[in-house]
Amino acid sequence: MDIREEGKSRSQRINIDYYRQKTWLSRSRGLLALAATILTAGYCVYVLASGNASHLSTGPVASAHASFENECRKCHLDFTPISRDSLRFNSSTALDRLEEACQQCHRVDHHFRGMMKPEFATLDQHCSGCHTDHLGRDNNLVNVASGKCTNCHGDLAATCLAGKQPQVKSNVTGFSLEAHGDFASLKNGDPGRIKFDHAQHMLPGQVDAGMKGAFTLGNLEANLREAYRKQVKGTLQGDDALVTLSCADCHQFAGVVGQPLVGDDEVGRHISPISFDQHCAACHPINDPARTKDTLPLPHAAPWKEIEMVIASKLVGGQQLGSIRMPRDTNRKTPLVGEGMTGSLQRSADENKERAIIAAKVSEGRAAAEAQCLKCHEPNDITDQAIASLRSTEAAPLIPERWFSKGIYDHAAHRKIDCSFCHADAYAKSAVGPVGEIEVVQGAIAENGESAEQASSVASTLTHSSDALDSERVMIGGIETCTGCHRSAETPVPASITDESVHKILGGQSNWASDACIECHRYHWERPIAPDSVPAVTEPPASSQAVSKEAVTQEAVIAQGQKAHGANADADALTIVGGAFP
Amino acid sequence: MKFPIGSLCLSATVVAVFLLVGKSDFLYGQEWIGSQSCASATCHGGGVDQGEAWHHSYSLSRSADPHATAGALLYDADSRRIVKALAPGATTEIEYDLALRTRCISCHLTATPADVVSQEPLSLVHVGEGVGCESCHGPAGEWKDMHVLESWTGPMRFQPATGMLDTESITGRAEGCVRCHVGSRSADGIVRDMNHDLIAAGHPALRFDLLIYNDNIPHHWDDTGIVEKAFGESSLKVRRVGRSIGLAAAAKLSSERALASLPQGEPSQNAGHRTTGGIVPWPELSDFDCFACHQSLSPKSYRAPETADGETPLQVSNGLPLWNAWFSAMDSRAGDVEIYNSFKPKPGGNQRWSEDAEKIASRYRVKASEDAGVPASQGLVQLTAITNDLNKRAPADWHAAAMIYLDLQAALQDLALQSEWKSYANSILESIESNVTPLMRFPDDAGSAHSLRLRSPKNFDPRDFRSKTLAALGSTGTSAP
C-alpha cells in the first residue's frame, strides 16, 4: 500500500525557518578554520624547524644515500619536477642539477652521449632513470633492468646520430649468440706477447707420453719447491715425484694470499695477473753459466747492464767459493804426471787480460740468458728500452689481464665450475676420453697427489700439439659456454648441460642464472679528474664509510683492469666505475 | 703404460734417413746450435745439485769444467806470449784474433770450418763459450728434437749421420777427447794440429790420459747410472783403451802430417784447411819423445838408458828418438816391432810413412776395442807383471816410467775395488803417492818468465824410480794381503 506523506505532516516535521537556525558546525566554523590554520602553520613550523624533510618525500632513499636523505636540494631544485613524465619537466635544469649532484661522489662520465640523438642523450643524463631512488633503504640502485640497456642497444642505428654509429653490434636484444654476438676478444685475437703452451704445462712432468725429461720436484728451485709439493694420501710427495700443475698453481684469485676464495660480496673476484717470480721462477729460473750451488738465478726483467754485472759478480764470487772455475784455476783432482809438484800452472797477473776473460764469460752468460728469455718473449720485448717500458707501472701486462674486453667476469662466483668447461683448449688431449675426463683425472692428481708412477701412467695417455702457441689464440669459451645457465627464466634447461659428466664439471651447482646485462656489463665511464676540480674531501658519515671504502677499492681494481686493456681513451672499450659488483 | 710407438717410428725413420744420406766426415756441414740452446732451466740449465744430473749438466759443466774457459784462456798473458811467438806480426787485436782463428780456436772453441777461415774478429760470446756442449756431444741441429724421446736410446744415436757423438762407451769418449787432446788434421773438416811450433812457443805438450782427464772434469752425468758402469769398474781398462785410442789418433795425425808435408799437400776432401801442400814442416818434431832431445848433453847428466846391448829398445842411443813416447813407450818396452818399423826413416819417404802410420792407427783402434772387452778384474795380473818387469830392469826413461807408474796406479785402484785386496792395495797406493809420485812430477819453476818452456824431467833417475816402486810393492811385489 502506497502511503504518501501529507504536507501537514511534512510541515510538522520540518521547521519552516530551518535555514535560519545555527548548527554546531556553523557555530564552530570559524573556530575550525582557525584551528586548521594554526595546525597547518604549526606543521609547517615543525617541518621547517625540525629539518625533517621526509614529510615531503615520495619514499626513503637507498641506504647508500641515507646520509643526505634530508638534504633534498642536493639533488632537487625547488618546484622543478625531476620526472620525465611531469608537464613541467625541464632537462636543462632538473637533470643538470641531478647529474652534478651524483657526480659529487660518483665520478662517472657520460656513456657515448655525444653520439646520441637528443632524446637518448637525455636518457643518458637522467641518472635516476636507471638508478631510481626513494624506493626504500634496501633498494639496489645498480640493479638495472636489461630493458634499460636494450632501449638503446636494441637499435643503435636509431639511437645514434647520423655518422656516429658505434663499432659494436648494433642490435643486442638479449643474451644468446644470435641476440648478443660472441665475445669481442674471440673475434679480435690474442694481443698477448708471451709464448706459452698451457697443454704442455698441464701434463704430469710437463712432457708428452714417450718423452724423457719429465720434471720432478727435485728439479725445482729448492726455495720454491714446497709450493708445488702435494699430499699423497696424507704424506708429502718426495723430490722424485713428478711436478703436476693445477690451474690454481698459476691462476689465483686476487685477494689476501693464503685466505680462501674471497666472498661473493667482496671485491677482487678476478684472477690475478701472472707474475714471473710467483708463477714461473720455480721451474724457469734464469740461469747462466755461473749458476752453481752457491749462486742465484739472474733477476727477471732487469736491464741488461744489471744482468751483466750480476753475472760478473757471480763469476768472481763463485770462483772465490770454489764452485766456478776460471782459466788457470788449479782445482783439478788429479794432476797429470809431468806437471809441477803442485800441479799448478803459472797464473796470469795481467789485470787487463783478466778483464777480457771476464768480459768473454759475461758475454757467454748474457747469451745464455737471452736464449732463455726468448723461450717466452719476443726479441723486441727483451731490449733495454722494452724492459724499461715494461717495468713502468703504467705498462700493460704482456698477457692481457682480462679477456672480456667489454664486460667483466666473476671467477669467484663461478668457482665451483671446473676450469675445463670454459678453457678446454688449455688441456692436453687424450686417446682415452674427452677433455672433461682428462680434467677429472688430472684434478685427482693435483688435489690428491698421486704417486710418480700413477702420474706417469696418466701421462702415458696424454699428449698435446707441439705447435700450440697459446699466445696466438684466445682460450676462453664462446658465449655458448654461458648461455646454458645464463638464460631467461622461461627458457628450459638446454640438453648441453643436462649430461651427468657436464653436471660434474659444473660442480653440481644450479644450472640457472640471470641473463641480465648488468651481470657482465657496466655502463659508466670514469670521469677524468681535473686537478683544480677535485672536491674537498669531507669525512663521510659513519654509516656510509664501508660503502665508500668499497667503492674506492673497486675503482682501484677497475682501473687496474682498464690499464690492462689500455681502455682509457678508447671509445670502443668499456670501463666500469663505482657501483657494487653483482 | 702406453707404448710410444709414434715416437719410436719417428726416431727410427729419422735414423734411417740419416743412414741413407750420411757422410763419412759427419760433423762437417751439420748444424751447430750453440750451448745456449741447452741452457734453459727446464732442460740442462738447472741449479747445480738440484734434481737429476741431466737437469743441471749445462750449469755444472759451464761453471766448473775447464773446457768452458778454454776460449777465455786465449786472452790471458800466457796465451798472448804464445801467440806473439807464433805470429810476431799480430800486433793489433784483429790480427791477434786472426792468429787465434788460424792456430787455436779449432780446439779452444767450438769451431766450424767457416770459423777458422773467417777474417772477422772473434765474438765475445764465442770466446766465452769456449769448448761448448756440441764439441763433445756433436752438432745438435739434427738431434736436438730427437734426444728427448724415450725411444732415443742405444747405439743408433751415435750413427755417424745423426751428428751425435758417442760419449758413453770408453772408446767413444776417448775418440771424442783425442780430436783435440791428441789432434787431427781432418776430423770435423778442420785442422787441430798442436805441433812443435806451438810447443816451442810455450803451449804445454799434449799427454792425454783418459782416466785422469775423465776424473778431472766435473761429472755432469749420473755416475751411478748404467752408462758409467764401465768407467767405474776398471781404471786399468779405461787407461788402456784411452792409450790405444790415443796412439791410434797420434798415428793418424802423423800420417796426415806426412801427407800435408808433401808438395801436393793434403787430399782435396779436407776442405777448409788453412794449410796448403808442402808448408807443414817435416819431420814434425812433436811426433817424437821431447826429452830425447831436450836434455843436458853433459856426460854427468845424460840419461841414456841402461841397456845390456848396443841398441836400446827405445833407440835413443842410435840418435833416433822414440816416436810418440807418451803412447808408445809401454808397447815399445814390450817389444812391439811394428811401431819401430813404422816410424823409422825408410825408403819411400813421407808417403810410405803415411801409409804405415795409417796401418798403425787402424791396428790400435782394433786394439782399443779388444781392450774394452777385457774383463775388469785384471788388477792382480797387471800388478804381478809390472813387478816382475821392474825386478828385471829399470825403465828406459821418464816416459817409460810414467807408463809403468800409471798402469801400476790403475791396477791398484782396480784391486782396491775387491774387498779382500782393498786394504793391501790402498796401503801400496799411499806408499806410491808418498814416494814415487814426486819423482814423476817435473820441478816447479813458478816465477819463471818461461815456466811453460822449461818443464822437463831433468832430475829424473829411472833407477831411483825402480827402487822406490819396488820398495812400495815389497821385495817380492806380490805379497798376499
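**Salt bridges and an interface in a predicted model**

Hi everyone, let's begin with one pair: the side chains of A:E5 and A:R10 meet in a salt bridge, 3.6 Å from N to O. A salt bridge here is a side-chain nitrogen of Lys or Arg within 4 Å of a carboxyl oxygen of Asp or Glu. Side chains of opposite charge can pair when their charged atoms come close.

Before I go on, a word on the source. This is a predicted model, where local features need pLDDT of at least 70, side-chain atom pairs count only at pLDDT 80 or more, and totals for chains, interfaces and linings use all residues. Residues are numbered from 1 along each chain as its sequence is written, chains are lettered from A and ligands numbered from 1 in the order in which they are written, and side-chain values use heavy atoms, with hydrogens and water left out.

Buried means under 20% relative accessible area, exposed over 50%, and partly exposed in between, with a 1.4 Å probe and protein chains only.

Now look at A:R229 and A:D239, whose side chains form a salt bridge at 3.0 Å, N to O. This pair links distant parts of the chain: A:R229 sits in the loop between α10 (198-202) and β2 (231-232), and A:D239 in the loop between β3 (235-236) and α11 (247-250), 10 residues apart. Those labels come from DSSP runs, numbered from the N terminus: helices are H or I with at least four residues, strands are E with at least two. A:R229 counts as buried at 16% relative accessibility, whereas A:D239 is partly exposed at 35%. Shared partners join A:R225, A:E226, A:R229 and A:D239 into one network of salt bridges.

Let's step back to chain A as a whole. Chain A has 20 helices and six strands, and buried residues make up 36% of its 582 residues.

Finally, the interface. How many residues does each chain bring to the contact? Chain A gives 58 and chain B gives 68, where contact means heavy atoms within 4.5 Å. The area buried between them is about 5,300 Å², with 57% from carbon and sulfur atoms; buried area is the accessible area (1.4 Å probe) that two parts lose on being put together, summed over both. Between chain A and chain B the count is one salt bridge, and B:R62 and A:E364 form it at 2.7 Å, N to O.
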